[in-house]
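Here are my notes on the model you sent. Please keep the structure open while you read them.

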Amino acid sequence: MTSQHALTPEVLVPRIGDYLVERGFLKPEQLNHALEVQKTYRTNGKNILLGDLLLELKYIERNRLDQAITEQIIQLRNALEESNRTLEQRVIQRTHELQVALNKLAELDKLKTNIIANISHELRTPLTHIKGYQELLLAGAMGDLSPEVSNTLITIRRSTERLERLIEDLINFSQMSKGDVALRLVEADLNKMVANVLKHSQPKAEEKKIILTAHLPDTPAVIRMDEEKISWVVLQLLDNAIKFTKPEGTVTVAIRQEPIGYRISIEDTGIGIPAERMDEIFEPFHQLDGSSTRRYGGTGLGLSLVKQIIEAHHSKISVTSEVGKYSRFEFTLPFVNIE
C-alpha cells in the first residue's frame, strides 16, 4: 500500500529535478540515476520524494536543495500573482463589455417602446374614423343596406374591434414598460365586475359553443382596486381561456374569500400549457406557437400586461395546467391598502 507524503515544501514544487539541473546544482546523469532508483523504490511499494533521495545518494547538499525549493516556490508565487492580476484585468474588461452591452440593450428596449407607443397612437386616429363610418353605414345613415352588405359590415366591425384591442394593448404595454402603472383605486364589488365581464364574453363563448360558468359569493365582494384595470385583467384571462378551449368545453370564473383578500380564478378545459414552458407565457411579444401557421392570433402582450397590473396591486398571478386537460390562472386581491 502506498503511503501518503507529509506536507513539505518539496511536495508543492513540480519538476524539482529539472530545476536543480538548470541551476547547476545537479548533473543530468545524477538526476537520471536518482529517477531510476525512485522507480525501483515505487515498484517495491515504497514512496520517496526525489529531494530526499538526492540527499540520501549525496548528490546534493541540504542547503542547496532548500535554496532551489525556495526559489521555485517564489517563482510559482510570482507567476500566480501575475496570473491573478491578468485574470482580474480580464474580469474588469469583460464586466465593462457586458455593462456596455446591457446599456445598449436598455437603449434599444426604450427605443422599441417609444416606437410602439408612437405607432399605436398614430393608428388609433384613422381607426376611429373607420369605426365611425362603419356605425353610420350600419345605422342606415347613408341609405338602406342589403342583408349581405350588413353582414359584411358586421364582420368588418368585429375585425376593427379586434384591431382596436390590439392597439390598446400596445399602448398599455408601452406605458407600463416605462413603469407607468398608475392605479385609480376605488371600492368596488367583484361580483358585479365579473358579471359585466361575463356578459361581454358571452357572445364569443356562444360562437365557439363554450359554456361560461361562474361561482361567486352570495354577498357583495367589495374590495379596493383599480376596477377598470382588474376588469380588463379578468376579460383578458377569459378571452384567452375561450380562445384555447375547444367547442363544447367549459370556462369557469370563481371568486372566494380568503383571510388576506379575495381570490379570483379563471379555469378552462382547453389545450393546457407544457410545464417546461410555463414561464414563457408572461414574456411580452411571445407566443408558445411562434410558427407562421400558428392557430391562435394575438400580439403576445396580454399576459405580460396582466402580470404587471396584478403586481401593481401587490399580488402575484399563479398558473397550474395539464396539457390537453385544463389551465387555471389565479390571483388574490388583498384587503390591505395598496396606495
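1. Ser265 lies in strand 5. Strands are DSSP runs of E with at least two residues, helices are runs of H or I with at least four residues, and both are numbered from the N terminus. This is a predicted model: local features need pLDDT of at least 70, side-chain atom pairs count only at pLDDT 80 or more, and totals for chains, interfaces and linings use all residues. Residues are numbered from 1 along each chain as its sequence is written, and side-chain values use heavy atoms, without hydrogens and water.

2. Is Ser265 buried or exposed? Ser265 is buried, because its relative accessible area is 8%. Buried means under 20%, exposed over 50%, and partly exposed in between (1.4 Å probe, protein chains only).

3. Which residues touch Ser265? Setting aside neighbours within four places in sequence, its contacts (heavy atoms within 4.5 Å) are Thr252, Val253, Ala254, Arg328, Phe329 and Glu330.

4. Strand 5 covers residues 261-268 and pairs with strand 7, residues 326-334. The sense is antiparallel, over eight bridges. Pairing requires at least two bridges found by DSSP. Arg263 faces Thr332 of strand 7.

5. Now the whole chain. It has eight helices and seven strands. Of its 339 residues, 33% are buried. Among contacts with a separation of 6 or more, 71% join residues 24 or more positions apart.
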